[in-house]
Amino acid sequence: MKALVAVKRVIDANVKAQVKADGSGVDIANVKMSMNPFDEIAVEEAVRLKEKGVVTEIIAVSCGEAKCQETLRTAMAIGADRGILVESTEELQPLAVAKLLKALVDKEQPQLVILGKQAIDDDNNQTGQMLAALADLPQATFASKVEVAGDKASVTREVDGGLETISLSLPAVITTDLRLNEPRYVTLPNIMKAKKKQLDTVSPADLGVDVAPRLKTLKVSEPPKRGAGIKVPDVATLVDKLKNEAKVI
Amino acid sequence: MTVLVIAEHDHATVKPATLNTVTAAIACQSGDVHVLVAGANAAEAAAAAAKIAGVSKVIAADSASLAENLAENVAAQVLAIAGNYSHILFPATANGKNVAPRVAAKLDVAQISDITKVVSPDTFERPIYAGNAIATVQSADKVKVVTVRTTGFDAAAKEGGSAAVENATGVADSGKSAFVGREVTKSERPELTAAKIIVSGGRALGSSEKFQEVMAPLADKLGAGLGASRAAVDAGYAPNDWQVGQTGKIVAPQLYIAAGISGAIQHLAGMKDSKVIVAINKDPEAPIFSVADYGLEADLFTAVPELVGAV
């Protein structure tokens, strides 16, 4: 069966985002960019399913500017077989990305679509669920374990209060949580191999999707700063401060 | 127009997250606030929702298909009544986040995730980049589908309302997904998102045994909820639903005590709105000290037991 994996190019998880002085957004010029960590987990899961013989082909998809090719090459270095870039310089919001992915799902007919549960830039946590709704597919979000047998997937999900397991009829959409797997390091030979893999580019117009943003960002500002705290020398002082100054215990 | 709140409940009671979401709904200033209780044998939860101050109507949809919060069925239930509303608000819980985008996509509208403030009926504030920036966004869509970060809004009063309860026909099962089982983390302690005090442990604890041995007595003494950093959860020292951070639980208790947590930006994103933050760490350079009201540079294995004895 085919698996389709969606990957997003975002500011690296170890970089602290800086708000632009004019309040128009976050400064991403000259900042290290990487694959969204949850999407890396999604690619890794697809590759493991291929290594188990469940999945036969992995298609990685990224939507955005031309530089997303780098993200697709990384996905192919982890083990995706080919890549599709939906190239657009427009701001792509989750509903637009879900529609683009839906068009590709119609075309490629994957049995499994795996995405990260959220991107660490806009923190939306929407695209997988939206895709599932648009394609009329069942979904399992926040997955920490995936098992595929026949035409069913059994997925353990991280939910409030613990874990739950649900069974989905394939085709289905799965979004990954942190503990699904630990992505492998990409090796140099695999990076070289990935350069030779097929990478197609399409436009939103080719897929017949209107990607015009629905939400307008009026401004982006710094969060309120916490007042500077103090260091206390010992536990007794700490307890005294909590009781008599902060009055929280 | 009217605002619809999707209740978080366990069929018998309404979860606190619903109360914060009702407050956000009132802030939308779009008229009445209705609450949907989609469940199975959930009359008690519906009755509890009807008592929430500020709610004018409760819609109770009762069906076996709604027993386990399957996203496909709950979304269909919301969509069945969505036409009557200007705003549809979900708490940003695991359930709310699971269902809301399905509803938005089917209505062909954007979703506004994790709002922390209602600026006007069409404009909202929401944190992005792990809370390192706050975006003010405006929606031009006819229906606003929103998830509400509960720490951004006070809880509405549980009592004082007397809404009418109206029954709605429950949806049929989608047939595409099925509930298999649940592994609940058993705890007598308060839930993290509702706890007044949280004590949280990091990787420095070294093992799940040590985590329990050192952190649990402090939580017990303070009547606190127990939290953990991602590193501690990944290492298996604490269960997944204890994780505080950007992609885990977002908490804002009166007192947050972080022991052996260095303070990665992803962790700070989940707790920096706490009223008072205490950091106990032996590394003077640990970033957690930059957000702490009271920092104690000490080995947690001696400081935490000493704290248990002193409070």
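**Exercise 1.** How many helices and strands are there in chain A?

*Solution.* Start with the rule: helices are DSSP runs of H or I with at least four residues, strands are runs of E with at least two, and both are numbered from the N terminus. Chain A has six helices and 13 strands. This is a predicted model, where local features need pLDDT of at least 70, side-chain atom pairs count only at pLDDT 80 or more, and totals for chains, interfaces and linings use all residues. Residues are numbered from 1 along each chain as its sequence is written, while chains are lettered from A and ligands numbered from 1 in the order in which they are written.

**Exercise 2.** Describe the contact between chains A and B.

*Solution.* Two residues are in contact if their C-beta atoms, placed from the backbone, lie within 7 Å. By this rule, 63 residues of chain A are in contact with 72 residues of chain B.
Next, look at strands, which pair if DSSP finds at least two bridges between them. Strand β9 (residues 162–169) of chain A runs antiparallel to strand β11 (residues 177–184) of chain B, and seven bridges join them. Within this pair, B:S177 of β11(B) stands opposite A:L168.

**Exercise 3.** Which residues is A:V5 in contact with, leaving aside its neighbours within four places in sequence?

*Solution.* The partners are A:A42, A:V43, A:A46, A:I58, A:A60, A:A75, A:A80 and A:I114.
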